[in-house]
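Student: Hello! I have a new structure to look at, and I would like to learn how to read its features. Could we go through it together?

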Amino acid sequence: MTLKEYSGKAVPLLMDNVDTDQLIPAEFLKLLEKRGLGKYLFYRWRYDQKGNENSEFLLNDPKFKDGTVLIGLRNFGIGSSRENAVWALVDFGFRVVLAESFGDIFYENAVKNGLILVKLDINTLKKIGELAKSGNLIVTVDLEKKQVSYGGRSIGFQMDESVRKRLISGKSEIEITLDYNEKIALFESKMPKFLKVNMEPEQRKIIEG
Amino acid sequence: MNGTIIDKIWNFHQVAEDEDGRSLLYIDRHYTHEVTSPVAFSDMKAKGYSVRRPDLTLAVMDHNVPTNSKERPTMEPLSKKEMDAMWENSRFFNVPLLDFYSPYQGIIHVIGPELGLTIPMVTVAAGDSHTSTHGALGALSFGIGTSEVEHVFVTQTLWLKKPRQFRVKMDGKLRHGVTAKDLALYLISEIGTGGALGHIIEYDGTTIADLDVEGRMTLCNMSIEAGARTSIIAPDQKVYEYVKGRPFAPKGEEFDEAVKEWDKLKTEPGAKYDKEIKFDVSGLKPMVTWGTNPSMASQINGYVPSPEEFNDKSKREEVEKSLAYMGLKPGTKIEDINVDVVFIGSCTNARLTDLTEAARVLKGKKVKEGVRAIAVPGSEWVKRQAERMGIHNVFIEAGFEWRHAGCSMCIAMNGDALLPGQHAASTSNRNFENRQGVGGRTHLVSPSMAAAAAIYGHFVDVSEMN
Ligand code: SF4
């Protein structure tokens, strides 16, 4: 799987501090599965306490139902480390989130799941957001040129090289790391004694009870 | 060794570097809980992976555990399923597990330091954002998502781009009744929820030196709410004493050798930070949050702000939305906010020091009629210690429910939850919408502030109490 460019319809969720508790509430962290979480994305905002759709919320507006590029503002994805927030976004259909800044753990979780997070300045985000309100703005993210295009305009963005490469290649990191096995084993062999853990069976039994 | 404490621990643990400047860091301690591990374990089963170092791994049940009783626990069916999965996975992969019935069960960030697993200089990873807590002991700790949890299980390492470094210096003697929790809320209200994004915070200054180790844990715990990747405090004599004698701490000569190494961790004079900020916190009053993220906080003698006070349109809208959710009017005195529920618990504030602080305020007093108050120790060990000291009686006589250990109402996954519209004085770390129960309204405070709110039924200034 390689991904160099992505285009999709923009959804303007022009809010600061969208936390991962809002992206997916804690009760849906009990499902033991990463698939099928799209239904619970923004659950408390999408549905009222009886489970009826809240018609005021953006994602319930028919013109945004096929949106795949989410536009946020500052500090998107702060809070809990739950990767379920990313799984829910991806399962719902989102492929890209544009925002001024992202929670650090959320950012790494997104990369791991091929969700493209692009940092843009606040004025550009507001501009894209305004245009997106029409419900027919297509945004294109080009990972090769590091460029976002919308409504006939383009703007460059910064992205860490390792993030960019990982998004393009989509390779499993564990496989890559296993190639470093010798170096890991060497570190372990030199570990000072005081940093080790004495998890002998008796000790283990005491704490496990 | 050169540089900051962060540089030193980082360099020591760097196993390799890739061409894009990411480090492969060895992880000395991996803590895991029932919520963020199941998907990692099932993927490992599918791929035939094993846990590389079960001896450096510790699994706990904390988020879903019932806190009402060990004999006749009230289990939510899905919670039970998640806990069962943890049990099966830990057997399958031979990982030590503190399950619901273990005498040392409790919240992951309380247990690590308590058992002497978290010690200075180690790297810690856990599938939980509040892993920053462990920095209080001079450990370099990282909250991670489930994909990374799996990576650590299989390789005992993490790929990380080194975050920037941010020194937060706090000086001055705190007023009576002002605590680490107030420092944390004050910092976040000053720099915002994104103020430390992409950075590791190193706390420093006379106020930090004066804090006891458990107070430092409270402060480091909440660094994540300022956006920090993690945080750390250079270990000192207080930390060494805290660590010494704990079940997994180094012993005898090994301990002395450890202290020699730990003494070398301090940041070198003149080391460079990417960002620095200084506060004089001597005049600080206890803090209370009024909104729906931890930066929306005021000192106790303040008011709920008006959206008009903010210049930026999206900020105004955010404050408006928060106040609507919280059912608060601009201009309301913080002291005039009534509370329905008081929750003393969570990995932020449920250690022995926290319970002692709350008990000092509660002694001989009664919880106001109509207020529901619950105390949930951070671990079964904390609970036992508190009971040995008789602290539990102070809580019970005041009218508190005295519970078993767990995350409980901090995240409301186990059935302990606020009802819609209820206002809570909570010693936890997040006041996000619906965090403590659907429609619940959280005000974050310190344990003594929570205790005082329980007695009066509204917030009061504990720094003015004897
Ligand atoms: S007490 Fe709250 S913040 Fe801490 S680990 Fe549990 S749920 Fe997370």
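Student: How far apart do the C-alpha centres of domain 1 of chain A and domain 2 of chain A lie?

Tutor: Please keep in mind that this is a predicted model. The two C-alpha centres are 40 Å apart. As for where the domains run, domain 1 of chain A covers 5-171, and domain 2 covers 179-209.

Student: Which residues lie nearest the centre of the largest cavity?

Tutor: They are His63(B), Asp128(B), His130(B), Ile411(B) and Arg435(B), out of 25 residues that line this cavity. By type, the lining is made up of nine nonpolar, 11 polar and five charged residues.

Student: What takes the space of the largest cavity?

Tutor: The ligand does. Among the residues around the ligand are His63(B), His109(B), Asp128(B), Asn429(B) and Arg435(B). This shell also includes Ser346(B), Cys347(B), Cys407(B) and Cys410(B). Its residues divide into five nonpolar, five polar and two charged.

Student: I see cysteines there. Is Cys347(B) buried or exposed?

Tutor: Cys347(B) is buried, because its relative accessible area is 7%, under the 20% cut-off. Cys410(B) also has 7% relative accessibility, so this cysteine counts as buried too.

Student: Last one: which residues line the second largest cavity?

Tutor: Both chains take part. From chain A, the lining includes Gly77(A), Ile78(A), Asp104(A) and Phe106(A); from chain B, it has Leu197(B), Ile224(B), Gly227(B) and Ala228(B). The lining of this second cavity divides into six nonpolar, four polar and one charged.

How values were computed. Residues numbered from 1 in each chain as written. Chains lettered and ligands numbered in written order. Predicted model: local features only at pLDDT ≥ 70, side-chain atom pairs only at ≥ 80, totals over all residues. Heavy atoms only, no water. Near = heavy atom within 4 Å. 1 Å grid on protein atoms, 1.4 Å probe; cavity = no way out; pocket = protein on both sides within 12 Å on 5 of 7 lines; lining within 4 Å. Sits in = over half its atoms within 2 Å of the grid points. Nonpolar A, V, L, I, M, F, W, Y, C, P; charged D, E, K, R; others polar. Buried < 20%, exposed > 50% of the residue type's maximum accessible area, 1.4 Å probe, protein only. Domains from an automatic or database assignment.
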